[in-house]
Amino acid sequence: MSADMMRAVVQDGFGGPEVLRIQQVPRPVPLPTEVLVRVHAAGINPVDWKTRGGTGMAGLLGEPPFTLGWDVSGVVEEVGFGVTTLKAGDEVYGMPWFPRVANAYAEYVTAPARQFARKPATLDHVHAAAVPLAALTAWQAVVDTAHVGAGQRVLVTAAAGGVGHFAVQFARHLGAHVIATASAPRHPWLKELGAAEVIDYTTTRFEDAVADVDVVIDLVGDAHDRTSTRSLEVLRPGGLLVAIPAGVSPELAQAAEAAGVRVTPFLVEPDGAALTAIAGLIDAGEVAVEVAETFPLERAGAAHARGEAGRTRGKLVLTVAD
């Protein structure tokens with residue numbers, strides 16, 4: 001393979017995991033203010049397989065061919081003119097370009113330098129690649145949107161997933177009383193992460209077990225058993241529902257207004273400064289990162305199939321370079 005080419009996972013059409021295939025594509029070149037990063041590992045998120053199938057961010061990316069992925073951990077290989085925050089050789093992680101195409105399932109990516117941060121020193125690239133999209137979603141929901149504070153009661157649905165396990169830890173770090181929903185086998189782990197209470201959603205309706213909640217971080221949505229609408233029942237007057245998977249429908253907005261609570265849609269944004277803060281918490285031992293399984297780049301389709309099967313504890317990660 002020539003130096004100006006690289007391996008990438010490409011899809012030529014929408015469909016199942018079988019549409020993902022390895023292809024030789026041109027290696028990108030950084031523009032001014034951008035860096036070229038050699039990817040060591042790429043995280044996988046639900047938005048990836050949704051987009052692959054024609055939903056998720058497919059409407060923004062347009063018709064294939066394109067390369068999926070937004071989570072990256074790697075090493076800066078080259079810097080463009082004007083970059084002052086990073087240099088060649090720096091180990092970095094980030095969620096570049098979201099929700100536009102970022103081409104993370106590849107050997108190299110380019111993006112604005114300030115969409116990356118130095119990776120946590122205590123993590124290898126595999127675990128660092130599991131952080132950006134999930135942790136930024138949790139951080140921006142818990143810290144920037146809900147402004148969670150000490151003594152507040154926070155409910156996190158689907159708490160054992162990628163975003164959920166970070167949301168539990170960030171809310172706990174801020175001094176909140178965290179209530180999590182998860183299947184029974186995940187309860188001991190979530191309590192280790194800082195959940196004060198854990199509800200088994202397979203046997204108990206959370207609205208029957210909890211009340212007077214200040215903030216709900218809903219990672220399930222109304223498509224699954226009306227979880228967002230049911231969340232309104234547990235909020236105290238003026239409480240906030242952050243509806244992440246599917247946003248806020250007119251019906252959900254009307255129900256929230258009638259109940260005297262607030263609801264907001266949410267979409268994560270690239271944020272190098274927040275990733276620096278998150279890295280600090282990880283290196284201080286305040287936040288743990290869970291990786292369920294790794295797959296080589298060539299098995300991206302198998303990784304998607306594993307993710308779509310559900311019940312994953314933490315994140316799935318593609319390994320790209322040693």
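These are my notebook entries on a few local features of this structure, which is a predicted model.

**Entry 1: strand β1.** I started with strand β1, which covers residues 5-11. Next I looked for its partner. β1 pairs with strand β2, residues 20-26, in the antiparallel sense. I noted seven bridges between the two strands. I also looked up what stands opposite Met 6, and found Val 25 in β2.

**Entry 2: cis peptide bonds.** I then turned to the peptide bonds. A cis bond joins Pro 64 to Pro 65, with omega at about 15°. Pro 65 sits in the loop between α2 (58-61) and β4 (72-79). I noted another cis bond between Phe 98 and Pro 99. Here omega is about 5°. Pro 99 is in the loop that runs between β5 (91-94) and β6 (108-112).

**Entry 3: positive phi.** I looked up residues other than glycine with a positive phi. His 147 has a phi near 50°. I found His 147 in the loop between α4 (132-145) and β8 (153-156). Is His 147 buried or exposed? Its relative accessibility is 56%, and the cut-off for exposed is over 50%. Therefore I wrote down His 147 as exposed.

Asp 225 also went into this entry, with a phi near 60°. Its loop lies between β11 (213-218) and α8 (227-231). The relative accessible area of Asp 225 is 47%, so I wrote it down as partly exposed.

Key:
Residues are numbered from 1 along each chain as its sequence is written. This is a predicted model: local features need pLDDT of at least 70, side-chain atom pairs count only at pLDDT 80 or more; totals for chains, interfaces and linings use all residues. Side-chain values use heavy atoms; hydrogens and water are left out. Buried means under 20% relative accessible area, exposed over 50%, partly exposed in between (1.4 Å probe, protein chains only). Helices (H or I, at least four residues) and strands (E, at least two) are DSSP runs, numbered from the N terminus. Two strands pair if DSSP finds at least two bridges between them.
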